[in-house]
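This briefing is intended to be read alongside the sequence and the coordinates. It treats selected helices, strands and individual residues in turn.

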Amino acid sequence: MIRRARPEEARALWQIRNLAIRAGCRASYGEEKVMAWTPDKMPAGYLQAIVQHPFFVADAPGFPVATGFLDNKTHSVEAIFTLPGHMGKGYATQILTAIKNEALSRGITTLTLSSTPDAMTFYQRHGFTLLRQSVYHSALAGDLLCMEMQADLLHSKKVTF
């Protein structure tokens, strides 16, 4: 089930983010950077993102297992993360579909995102094309390689679930 995130579950959603990064990004960034990038203390901006943007959650029976949101200002896909024990079950695809459909309902026809190297093929399978490699500067972890990607929603199939 896909639904909107609630502010009171921000800490649990932050934990999903951290666990997903820790499980999936070590090969690209190394242990030290990954641990610096995933502090246990949730920044205030994370709660603000839940409140200010269409922030989606996928639930397994009884608890959230995946997250992601549409940044209203930049028209970008943000923070798609799946709890490690639930990866490969379609939750991230459902989140991305909800974001695409939300964008279309708002008249947004092009989405961008900055992907980790590990997640690039996931986004390519869902209609995103690589524009360029770049460097994201994290105040917590320093410079991180990322893949700048874009999707034209008018030429991709609208998916429902």
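What covers the buried residues of α1? In this predicted model, the covering elements include α2 (26-37), α3 (44-52), β2 (55-60), β3 (63-71) and β4 (76-82).

- Helix α1 comprises 15 residues, 10-24, and spans 21 Å between its first and last C-alpha atoms, close to the 21 Å expected at 1.5 Å a residue.
- Its buried residues are Ala 10, Leu 13, Trp 14, Ile 16, Arg 17, Asn 18, Ala 20, Ile 21 and Arg 22.
- In an α-helix there are 3.6 residues a turn, so residues three or four places apart point the same way.
- The α1 and α3 axes approach within 10 Å and cross at roughly 110°; the two helices are therefore roughly perpendicular to each other, given that angles of 65 to 115 degrees are classed in this way.
- At this crossing, Ala 10, Leu 13 and Trp 14 of α1 meet Tyr 46, Leu 47 and Ile 50 of α3. The contact consists of 6 nonpolar residues, with no polar and no charged ones.

**Gln 52 in α3**

- Gln 52 belongs to helix α3 and counts as partly exposed because its relative accessibility is 48%, between the 20% limit for buried and the 50% limit for exposed.
- Gln 52 and Phe 63 are separated by 11 residues in sequence and by 22 Å in space, C-alpha to C-alpha.

**Helix α4 and Glu 102**

- Glu 102, a residue of α4, counts as buried because its relative accessibility is 14%, under the 20% cut-off.
- Beyond its neighbours within four places in sequence, Glu 102 is in contact with Arg 4, Pro 54, Phe 56 and Leu 70. Pro 54 lies 48 residues away along the chain, yet its C-alpha is 7.7 Å from that of Glu 102.
- Gly 107 follows α4 and has a positive phi, near 80°.

**Strand β5 and its pairing with β7**

- Strand β5 pairs with β7 (residues 142-152) in the antiparallel sense, over 6 bridges.
- Ser 115 has Met 147 of β7 as its bridge partner.

- Most residues other than glycine have a negative phi.
- His 75 is not a glycine but has a positive phi of about 55°. This residue lies in the loop between β3 and β4 and, at 32% relative accessibility, counts as partly exposed.
- Ala 79, also not a glycine, has a positive phi near 55°. Ala 79 is situated in strand β4 and counts as buried, with a relative accessibility of 18%.

Key: Residues are numbered from 1 along each chain as its sequence is written. This is a predicted model: local features need pLDDT of at least 70, side-chain atom pairs count only at pLDDT 80 or more; totals for chains, interfaces and linings use all residues. Side-chain values use heavy atoms; hydrogens and water are left out. Helices (H or I, at least four residues) and strands (E, at least two) are DSSP runs, numbered from the N terminus. The expected span of a helix is 1.5 Å times one less than its number of residues. Buried means under 20% relative accessible area, exposed over 50%, partly exposed in between (1.4 Å probe, protein chains only). Contact means heavy atoms within 4.5 Å. Axes are lines fitted to C-alpha atoms, for helices over the stretch in contact, and angles run from 0 to 180 degrees between N-to-C directions. Angles under 35 degrees count as roughly parallel, over 145 as roughly antiparallel, 65 to 115 as roughly perpendicular and the rest as oblique. Ala, Val, Leu, Ile, Met, Phe, Trp, Tyr, Cys and Pro count as nonpolar, Asp, Glu, Lys and Arg as charged, and the others, Gly among them, as polar. Two strands pair if DSSP finds at least two bridges between them.
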